[in-house]
Amino acid sequence: QQQQQQQDFNTTLQALQVEYEQEMQQLEDQLNDQLQQVEQERLDSITIATASVQAAQSQELEWKQKYDDLLHQYTRLKAELNNRKNHDDKRARRRASSKATTTT
């Protein structure tokens with residue numbers, strides 16, 4: 001009788017150990033799945049962030065090029081205006097000088 005009880009106990013213990021190992025394996029598999037999902041989400045976030053940074057850098061280069069172009073245009077137009085002003089000033093002085101000599 002005692003030997004039967006010991007055998008039943010051992011059988012129950014083995015069944016519990018098998019059940020415990022199966023549950024632990026399921027939990028480990030679930031945890032691994034969750035870890036893989038989190039890692040994939042992290043990689044996706046990095047990919048999106050990298051693309052955003054690249055887009056921002058590209059936009060920045062575009063704006064810098066536009067700024068440089070406008071600055072070049074401004075500098076050229078300012079030089080043209082100064083040339084015209086100087087030319088007009090010389091012409092006005094010549095006229096004034098010519099009128100002064102003709103009136104004297």
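Me: Lys and Arg count as positive and Asp and Glu as negative, while His and the chain ends are not counted. How many positive and negative side chains does the chain have, and how far apart do the centres of the two sets lie?

Reply: The chain has 13 positive and 17 negative side chains, and the two centres lie 50 Å apart. Each charge is placed at NZ of Lys, CZ of Arg, CG of Asp or CD of Glu. The model is predicted, so local features need pLDDT of at least 70 and side-chain atom pairs count only at pLDDT 80 or more, whereas totals for chains, interfaces and linings use all residues. Residues are numbered from 1 along each chain as its sequence is written, and side-chain values use heavy atoms, with hydrogens and water left out.

Me: How do you know what secondary structure the chain has?

Reply: Helices (H or I, at least four residues) and strands (E, at least two) are DSSP runs, numbered from the N terminus. By that assignment the chain has one helix and zero strands. Helix α1 covers residues 2-103.

Me: What sets the chain apart from a compact globule of 104 residues?

Reply: The radius of gyration is taken over C-alpha atoms, and the globule rule is 2.2 Å times the number of residues to the power 0.38. The rule gives a value near 13 Å for 104 residues, but the chain has 44 Å. Along the principal axes, the C-alpha atoms fill a box of roughly 150 × 15 × 5 Å. Two pairs give the spacing along the chain. N10 and Q37, 27 residues apart in sequence, have C-alpha atoms separated by 40 Å. For K90 and V53, 37 residues apart, the C-alpha separation is 55 Å.

Me: What share of the chain is buried?

Reply: Buried means under 20% relative accessible area, exposed over 50%, and partly exposed in between (1.4 Å probe, protein chains only). Buried residues make up 0% of the 104 residues. The accessible surface, from the Shrake-Rupley method with a 1.4 Å probe and, for residues, only the protein chains shown as cover, comes to about 10000 Å². Carbon and sulfur atoms hold 54% of that surface.

Me: Why is K90 called partly exposed?

Reply: K90 lies in helix α1. Its relative accessibility is 48%, so K90 counts as partly exposed. N10, also placed in helix α1, gets the label partly exposed because its value is 36%.

Me: What makes E39 and R42 a salt bridge?

Reply: A salt bridge is a side-chain nitrogen of Lys or Arg within 4 Å of a carboxyl oxygen of Asp or Glu. The closest N and O atoms of E39 and R42 are 2.9 Å apart, so the pair meets the rule. Both residues lie in helix α1, three residues apart, about one turn of the helix. E39, at 36%, is partly exposed, and R42, at 43%, is partly exposed too. In general, side chains of opposite charge can pair when their charged atoms come close.

Me: Why is the contact of E80 with R84 called a salt bridge?

Reply: The closest N and O atoms are 3.8 Å apart, which is within 4 Å, so the label applies. E80 and R84 are four residues apart in helix α1, about one helical turn. E80 is partly exposed at 33%, whereas R84 is exposed at 56%. R76, E80 and R84 are linked in a network of salt bridges.

Me: What makes the nonpolar surface patch?

Reply: Patches are made of residues with over 30% relative accessible area and no salt bridge, like charges being joined within 9 Å and nonpolar side chains (Val, Leu, Ile, Met, Phe, Trp, Tyr) within 5 Å. Y20, M24 and L27 make a nonpolar patch of about 330 Å². Y20 lies in helix α1 and, at 52%, counts as exposed.
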